Amino acid sequence: MTWEGFYLFCFALGLCLSAIAFVGGFSHFHIGHMHLNHLGKAGHVHAGTGHGVNQNAVSPINGFTLVIFLCWFGGAGYLLERYGGFVVPMVLLLSTVAGIAGASVLFWFMAHVLAPHEHALTAEETATIGMVGRVSGAIRDHGTGEILFSQNGARRFAAARSENGLPIPRDTEVVVMRYEQGIAWVRRWDEVAGDFR
């Protein structure tokens, strides 16, 4: 393999892994200890409380910085080798510097822009039991409907069933009594409030 081919291979590999990481941001890829989801949590970036490490610890060597290093190293090396007219060690040195520069820029962005806004949700923040919501899709007699509720500043939907099996019309305010296997079991808010009078 020529040096041009080597640099081109590094660039293509880095580009492909970047694309996989980008797609992984919209789904949930988990390759060994390398998390490819939610941009700021890639590789060994520990921005949250996961893995029991310091909340602000962000490793400069992680999946994304390695991928960006490959892209910049390969791209710069290919251009310098093909058009620069430098000797091989000089091209290797300059492309390595370019790779480190690219990875450093990305690391700075992850550590100073993305990581400070990351935090792990607590059980209280994700709990749905006791949540008050509104029926967005009528719950039929012993059937399943849908409820809409707000949690952590976001609107969420959940499949719902009536706890007593009675139908609940749309726009009725309900309380989530339990949540099992993706189904929220609800009661009308006026029934629950009446129990406390």
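## Basis of the model

The model is predicted, so that local features are described where pLDDT is at least 70, side-chain atom pairs count only at pLDDT 80 or more, and totals for chains, interfaces and linings use all residues. Residues are numbered from 1 along each chain as its sequence is written, and side-chain values use heavy atoms, with hydrogens and water left out.

## Overall architecture

The protein chain has five helices and seven strands, where helices (H or I, at least four residues) and strands (E, at least two) are DSSP runs numbered from the N terminus. Read along the sequence, these elements follow the pattern α-β-β-α-α-α-β-β-β-β-β-α. Of the 197 residues, 33% count as buried, a term that stands for under 20% relative accessible area, while exposed stands for over 50% and partly exposed for values in between, with a 1.4 Å probe and protein chains only.

An unreviewed UniProt entry places the feature "transmembrane region" at residues 6-26, 61-80 and 86-109; positions from UniProt are given in the numbering used here, feature names are shortened, and annotations may be inferred rather than shown by experiment. In the model, residues 61-80 are 90% helix and 0% strand, with the end C-alpha atoms 25 Å apart. Residues 86-109 are 92% helix and 0% strand, and here the end C-alpha atoms lie 32 Å apart.

## The five-stranded barrel

Five strands close into a barrel in the order β3-β4-β5-β7-β6, with mixed pairing. Neighbouring strands of this sheet are turned by 55° against each other on average, direction ignored, where axes are lines fitted to C-alpha atoms (for helices over the stretch in contact) and angles run from 0 to 180 degrees between N-to-C directions. Two strands are said to pair if DSSP finds at least two bridges between them. Strand β3 (residues 132-137) runs antiparallel to β4 and is joined to it by three bridges, with Val135 standing opposite Ile147 of β4. Strand β3 also pairs with β6 in the antiparallel sense, over three bridges, and Arg134 has Glu173 of β6 as its bridge partner.

Eight bridges join β4 to the antiparallel strand β5 (residues 154-162), and within this pairing Gly145 has Ala160 as its partner in β5. Strand β6 (residues 173-180) is linked to β7 by six bridges, again in an antiparallel arrangement, and Val176 is the bridge partner of Val186 in β7.

In a regular strand the side chains alternate between the two faces of the sheet.

## Turns with positive phi

Most residues other than glycine have a negative phi, and most peptide bonds are trans. The hairpin of β3 and β4 has six residues between the strands, and His142 in its turn takes a positive phi of about 55°. His142 is exposed, with a relative accessible area of 58%.

In the hairpin of β4 and β5, two residues lie between the strands, and Asn152 has a positive phi near 55°. The hairpin of β6 and β7 also has two residues between its strands, with Gln181 in the turn at a positive phi of about 50°. Gln181 is exposed, with a relative accessible area of 83%.

## The enclosed cavity

The count comes to one cavity of 30 Å³ or more, where a cavity is a set of points, on a 1 Å grid over the protein atoms alone, at which a 1.4 Å probe fits but cannot get out. The largest cavity has a volume of about 40 Å³, a volume being the space filled by probe spheres set on the points, which are joined across faces, edges and corners.

Lining residues, defined as those with an atom within 4 Å of a point, are Ser162, Asn164, Leu166, Pro167, Ile168, Val186, Arg187, Arg188 and Glu191 for the largest cavity. Strand β7 (residues 183-188) gives the most to this lining, with three residues. By class, the lining has four nonpolar, two polar and three charged residues, where Ala, Val, Leu, Ile, Met, Phe, Trp, Tyr, Cys and Pro count as nonpolar, Asp, Glu, Lys and Arg as charged, and the others, Gly among them, as polar.

Definitions and conventions
1 Å grid on protein atoms, 1.4 Å probe; cavity = no way out; pocket = protein on both sides within 12 Å on 5 of 7 lines; lining within 4 Å.
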